[in-house]
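This report describes the secondary structure, helix packing, sheet architecture and backbone geometry of a protein model. The model itself is shown first.

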Amino acid sequence: MRRALFAITGLAAGTTALVVLKGSPAATPVAAGELPAGTVAVPGESAPANRAATRPPSARPSGTPAPKASASRTPRPKPTASATTKATTSAPRRTTAAPRTTTAAPPATNRKVTGPVVTNEFGNVQVQITVSGTKIVNCVALELPSGGQSGQRSDRVDAAYSGTSGQVVQRQSASLDTVSGATYTSRSYQQSLQAALDQAR
Amino acid sequence: MTYQELDAAGRRTGTPTPYGGRSAAPPLALPRRGPAGRRTLGALFWLGLAAAVLPWWLDTPPGSLAGPADLLTAAGRITGLVAGYLLLVQVLLMSRLGVLERLLGGERISRLHRDLGATLLVAVLAHLALLVVGYAQVEGNSVLAEVGVLLTDYQDMVSAFVAAGIMVTVGVTGVRAIRRVLPYELWYHLHLTSYLALLLGYGHQFSNGAQLYEPGPVRTGWIAAYLALVAALLWGRLLRPLHFNLRHRLEVADVVAESTDTVSIYLTGRRLNQIDLLGGQYFRWRFLNAGGWWQSHPFSVSAAANGRWLRLTVKVVGSHTADLRDLEPGTRAWAEGPFGTFTAAHRTRERALLIAGGSGIAPLRAMLEELPAGAALIYRARQPADVLLHEELEWIARSRQTSVWYVIGSRDDPGPRQVMSPPGLRRLVPDLLRRDVYLCGPPGLVDHAVQVLRAAGVRRRNIHLANFEL
């Protein structure tokens with residue numbers, strides 16, 4: 001029985017550590033796939049240290065604005081009763097607005113989700129979407145190939161896809177019409193967008 | 001059946017031959033089996049756990065968890081992946097796969113199953129609670145409304161909630177205090193429904209699991225794990241016992257009273273010399289007569305493999321064991337096994353001390369024939385009439401230079417009290433700390449003996465317990 005208690009404590013601690021490690025915005029701006037797998041098992045003593053350090057200047061425009069970083073820090077995720085009760089007590093206040101189906105969720109929280117940088121032979125593409133509930137309300141290209149012909153192509157792609165009334169918001173998905181003459185940029189845009197959508201889901 | 005017939009037959013010598021396992025070679029001790037296999041299994045378990053959570057780690061970019069809803073959902077996903085993995089491990093542990101039974105042993109498996117079961121219960125509850133609350137925050141619903149939304153709008157969630165309910169029921173009835181109150185049959189059948197939980201929980205992992213929804217290596221690997229589990233279950237629970245029983249066709253040859261409340265059951269069959277049986281191991285037995293075919297009970301074999309017969313020595317304690325006295329010769333027996341790591345091969349030292357209580361002598365008697373010369377046996381019994389297999393023990397003592405002490409009396413009598421104390425044991429067995437200790441007997445005696453041995457300085461890993469309680 002003692003070992004079961006250890007195991008349960010380990011589960012709680014491990015989950016907390018993983019979430020904190022991922023939640024801390026100061027984690028290195030390297031793509032997640034390049035992190036050593038070993039870090040999964042190690043409960044992160046390094047997380048607070050990372051957080052305390054000033055944010056390293058990232059090479060690309062970072063998608064996460066500063067205020068959000070602090071938001072992720074405050075609720076210490078203790079995945080047990082405390083988190084549950086806190087949420088349940090606050091919930092009944094909202095019940096009047098509650099009985100609605102999922103698809104038409106009220107615009108409770110706007111979340112911004114940033115896709116990864118996708119590189120093609122003309123430059124980098126990175127997309128950020130704003131999600132309200134399960135709906136995409138805005139889509140912005142943080143980075144597109146620039147300069148000369150590439151810049152012109154990028155402008156056409158941006159005009160077709162981005163914005164609150166662009167194709168992304170209209171279609172609510174990453175299957176978009178390819179902009180003729182800008183196949184590579186269109187494709188990279190869709191890739192970054194798809195990744196962002198997967199995250200948002 | 002008289003003891004004279006047993007003398008040569010009851011001894012395992014050299015390599016078994018097709019003619020009954022006797023050869024001219026002097027008695028050999030079994031080679032040891034180290035803990036390497038067990039450690040490999042442990043490493044595989046941790047690797048599997050890491051592999052189960054790794055997809056989440058790789059799919060989640062650092063810094064993307066903003067706000068409490070994201071954090072709750074992330075924690076819910078992690079606990080979900082862990083729970084899914086643990087459920088697979090739990091069922092695998094109970095698959096009676098030969099590898100597991102050989103490397104871990106029934107006693108350790110049942111302990112692991114209990115501890116992992118408690119963890120799984122918590123993981124499932126955490127997964128459920130975290131995700132319901134997390135989704136409720138994202139979609140702006142109350143928690144109860146969110147449960148309704150999950151049940152109606154999401155695929156496979158009804159069966160997932162049923163599966164969670166089953167797992168909670170199974171987990172709660174597994175708590176020892178509650179289990180003791182329940183009748184065994186109810187507990188057993190409730191536990192059988194966990195297969196249903198496996199089935200019902202399957203769908204939602206793929207239709208709603210963020211990491212498993214997309215076709216790709218993760219999804220394929222997860223499905224492969226399920227298929228491997230089903231294969232292991234089929235093999236361990238069905239094909240292997242079927243093969244064993246069709247091959248050996250065990251049947252009851254004779255039932256002999258050893259004392260007023262103990263019987264020995266002799267079984268014969270075909271190709272008995274080809275059973276890979278070590279002294280101290282057990283089978284799960286089903287006797288195929290009208291009253292007993294539906295229940296299976298573990299009993300140790302009480303004589304080392306000899307190629308001609310198997311023997312169980314069973315104390316009558318309940319209605320099932322009472323029925324065993326009336327077994328007719330010729331009754332077919334269905335056996336699953338042999339299982340267990342309570343054998344001479346699993347010792348870590350050259351010499352051994354065996355402590356038996358009452359009918360607990362059975363596996364130790366079988367093991368004595370396979371231990372190197374110089375073993376010691378302490379046999380606790382309440383009264384002289386309770387000493388079983390007395391003559392056989394004398395023969396083994398003579399032929400294998402084994403010291404045997406019979407310690408007779410109630411636990412509080414001065415004799416047993418003196419022997420079952422650290423100085424008493426050290427006086428009987430001066431090299432106690434350089435021996436492996438094997439214990440088999442009633443729980444009270446075993447618990448007490450473990451305490452005494454630990455107090456005398458014997459390390460835990462040198463103490464071997466035979467225990468089939470599950």
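The sections below proceed from the chains as a whole to helix contacts, a sheet and individual backbone features.

**Overall composition**

The structure is a predicted model. Chain A contains 7 helices and 4 strands, and its elements follow the order α-α-α-α-β-β-β-β-α-α-α from the N terminus. Chain B contains 17 helices and 11 strands. In chain A, 38% of the 201 residues are buried; in chain B, buried residues account for 52% of 470. Among contacts with a separation of 6 or more, residues 24 or more positions apart supply 51% in chain A and 69% in chain B.

| Helix pair (chain B) | Angle | Axis distance |
|---|---|---|
| Helix 3 (residues 67-93) and helix 11 (residues 217-248) | roughly 15 degrees | within 9 Å |
| Helix 7 (residues 157-174) and helix 9 (residues 184-192) | about 145 degrees | 9 Å |

Helix 3 and helix 11 of chain B cross at roughly 15 degrees; because angles under 35 degrees count as roughly parallel, the two helices are described as roughly parallel to each other. Their crossing is left-handed. From helix 3 of chain B, the contact involves B:Leu81, B:Gly84, B:Tyr85, B:Leu88, B:Val91 and B:Leu92, while helix 11 of chain B contributes B:Trp222, B:Ala225, B:Tyr226, B:Leu229, B:Ala232 and B:Leu233. By class, the residues of this contact comprise 11 nonpolar, 1 polar and no charged.

Helix 10 (residues 194-207) of chain B has several buried residues, among them B:Ala197, B:Leu198, B:Gly201, B:His204 and B:Phe206.

**A three-stranded sheet**

Chain B holds an open sheet of 3 strands in the order 4-3-6, with antiparallel pairing. Strand 4 (297-300) and strand 6 (333-339) of chain B are at the edges with a single partner strand each, so one side of each has no neighbour in the sheet. On average, neighbouring strands of this sheet are turned by 30 degrees against each other, direction ignored. Strand 3 (residues 282-287) of chain B is joined to strand 6 of chain B by 5 bridges, and B:Tyr282 has B:Phe339 as its bridge partner in strand 6.

**Backbone features**

Most residues other than glycine have a negative phi, and most peptide bonds are trans.

B:Asp156, which is not a glycine, has a positive phi of about 65 degrees. B:Asp156 is located in the loop between helix 6 (143-153) and helix 7 of chain B and is partly exposed at 30% relative accessibility. B:Arg271 has a positive phi near 50 degrees. The loop between strand 2 (262-268) and strand 3 of chain B contains B:Arg271, which is partly exposed with a relative accessible area of 43%.

Methods: Residues numbered from 1 in each chain as written. Chains lettered and ligands numbered in written order. Predicted model: local features only at pLDDT ≥ 70, side-chain atom pairs only at ≥ 80, totals over all residues. Heavy atoms only, no water. Axes fitted to C-alpha atoms, helices over the stretch in contact; angles between N-to-C directions. Pairing = 2+ DSSP bridges. Parallel < 35°, antiparallel > 145°, perpendicular 65-115°, else oblique. Left-handed = near helix turned anticlockwise from the far one by under 90°. Contact = heavy atoms within 4.5 Å. Nonpolar A, V, L, I, M, F, W, Y, C, P; charged D, E, K, R; others polar. Buried < 20%, exposed > 50% of the residue type's maximum accessible area, 1.4 Å probe, protein only.
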